[in-house]
Amino acid sequence: MPVGTQGTIKGLTTSQLEEIGCQIILGNTYHLALRPTSELIDQLGGLHKFMNWPRALLTDSGGFQMVSLLHLADITEKGVTFQSPVDGKPMLLTPEESIQIQNRIGADIIMALDDVVKTTITGPRIEEAMYRTLRWIDRCIAAHKRPNEQNLFGIVQGGLDPVLRDICVKGLVDRNLPGYAIGGLAGGEDKDSFWRVVAQCTAALPEDKPRYVMGVGYPLDIVVCSALGADMYDCVYPTRTARFGTALIPEGVLKLKHQAMADDTRPVDPSCECMVCKNYTRAYIHCLVTKDAMGSQLLSYHNLYYMMKLSRDLHSSIIQGRFPDSPKAMFLNGSATRWRLLESIFLPAVLHSRHPKIGL
Amino acid sequence: MKFAVKAWSKNGRARVGSLHLGSCPHLSIEIETPALLLTTRKGLPVFISPDLLPSLPSPDSHLLQFSPLHFITVHGLSEYAEFFMLYSSESSFAMGFARSMEGLSTKTISNIGGLHQMLGLQEYGLAAVPRDSIVCLPEHESSNKMGTSFETPSGRHLIKPVEYMEMISSMKPNLYATLADEVPAWVSEKRNKASVDRTVRWLDDCLKLSTTGGAVFGSIVGGSSVEESQRCAQEVARRNDTFGVAWNRFTTFFNHAQSISSPNTGRAIKSQYCCDEFGSSTST
């Protein structure tokens, strides 16, 4: 899911997104509630109409941005208290308020407000956050006014502690939600711990409901999480890295700002079929990047196309039974040794989980 | 390229015409004039990528303006730039150099096959004009008899006719304006006269160096002096190879219009291009 923070993917029109093959976009509740406000979006017929996107939309709860963007955000049992960035007044985002805002925005999938802590934090705070997330999910369910049109996903918290994660998963599964997200994993933790948590959660969550790993977006992470049984991902990485002049290619990344690109008359990715790679050379994009908006636009287009293609390749290799041996989709960062390394990680990640279902 | 006037207004000098871009074998675009050229930055309209261009009316939106100076690259600084980037702790200083390196050499553009190829806009007409009212501003005080000085995002550059024509021959636009010594209306008479002399001389230089087959639009200067504008127009008209004329100052539009139409110009100018102070272009 590309991230369309302010009701738009920066640099791309919705018709281009349709062409690239995006099926679902994420909108940030925090930013939309600030501008243009959820009430206005509701008045104008909902976010689909507002941004002219005929396909699916997902909104997050607003909690994460609040905690990461605002200096003085404070989490209490009532909700998240913060200083309004508009006028500095103290404000409170409760689970009820978050759901109501999301009801007004009108996305197809909405996220419960969770108490999210960084995985680098240790101590009782993680346990407190996990139990609070479970108490808040009940408040979110109660406040949800459009359960037949909007699917409320719960978010599994619990830091890196398998016991806490297990309790949280069980608690959410008991509420029988339309889908589940694995949260709290998008910053700072080491990869082994990351994969272990994802593996544990996917093993414990119901088979017939979607699993959404929040904030995960590097191509390699997406492949690994898919191997572990996750279904949905969102990340600003493809579009943000495009704005810094970096293109995603099968061999890794290509920094178009580099002086070597100035004479390179090849396309960004010779194997890519997108509009950018079919029409432009690295040299031209080099002279655009970071100086002209068009550079970001073209690279964003290519990077999203690349991610969509990665998804499609994942699909087909899973269906055709080639996963994880599929060479094209898996030729990430340039070597087969990377894959053998991955395979050696999967097994221990699964084995180390204490969940009875996974025990081999 | 072909241009024909189809109709005239009854009481004024306004006319409707048709500009036929046919310089490439497969390219056959007819544009009705008066026509508005889309301004571009490095060849593409600022926020409209080529897949979105077809949503604009066609063929009216098929004429794009660009400045060859958008692509300028400063070769001589590259060694210093690398030195600074590797060894300097003054990263901002290095960035200053690095920024001036972000361009495309004419060699690379030639290797790609010209601007139409580089932009993926084979079905479009490209018009080259040295000045761009937003980022490539002529600096008349630094211009001299060798060339015009421009203030660009990559610094101050003195562009001589030979350098300009090198850019034109690698980019291969459908039409281009020649290098002009633009001066504001408040300069002395002597300076104004010199600007006309230089512009005409540079027109001859450009014509001599012209290899690409693009239509040449002779630049007309002359400030607010009717006589000088007229003299410039006459000189431009006298050159048989000029397809049209390009005016650079809207404020003296009416003087120019008069000077072009006066019987003294000697030969009917085929097509006229005017660039106003705010950066948009109209062809009349």
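How many residues does the contact take from chain B and from chain A? The views below answer this for a predicted model, in which local features need pLDDT of at least 70, side-chain atom pairs count only at pLDDT 80 or more, and totals for chains, interfaces and linings use all residues. Residues are numbered from 1 along each chain as its sequence is written, chains are lettered from A and ligands numbered from 1 in the order in which they are written, and side-chain values use heavy atoms, with hydrogens and water left out.

**View 1. The contact between chain B and chain A.** The contact (heavy atoms within 4.5 Å) takes 27 residues from chain B and 26 residues from chain A. The buried area, which is the accessible area (1.4 Å probe) that two parts lose on being put together, summed over both, is about 2000 Å², and carbon and sulfur atoms give 57% of it.

**View 2. A salt bridge across the interface.** Two salt bridges (a side-chain nitrogen of Lys or Arg within 4 Å of a carboxyl oxygen of Asp or Glu) are found across the interface of chain B and chain A. The side chains of B:Lys42 and A:Asp292 meet in a salt bridge, at 2.7 Å from N to O.

**View 3. The surroundings of A:Tyr284.** Leaving aside residues up to four places away in sequence, A:Tyr284 touches B:Lys42, B:Gly43, B:Leu44, B:Phe71, B:Leu104, B:Met118 and B:Leu119.
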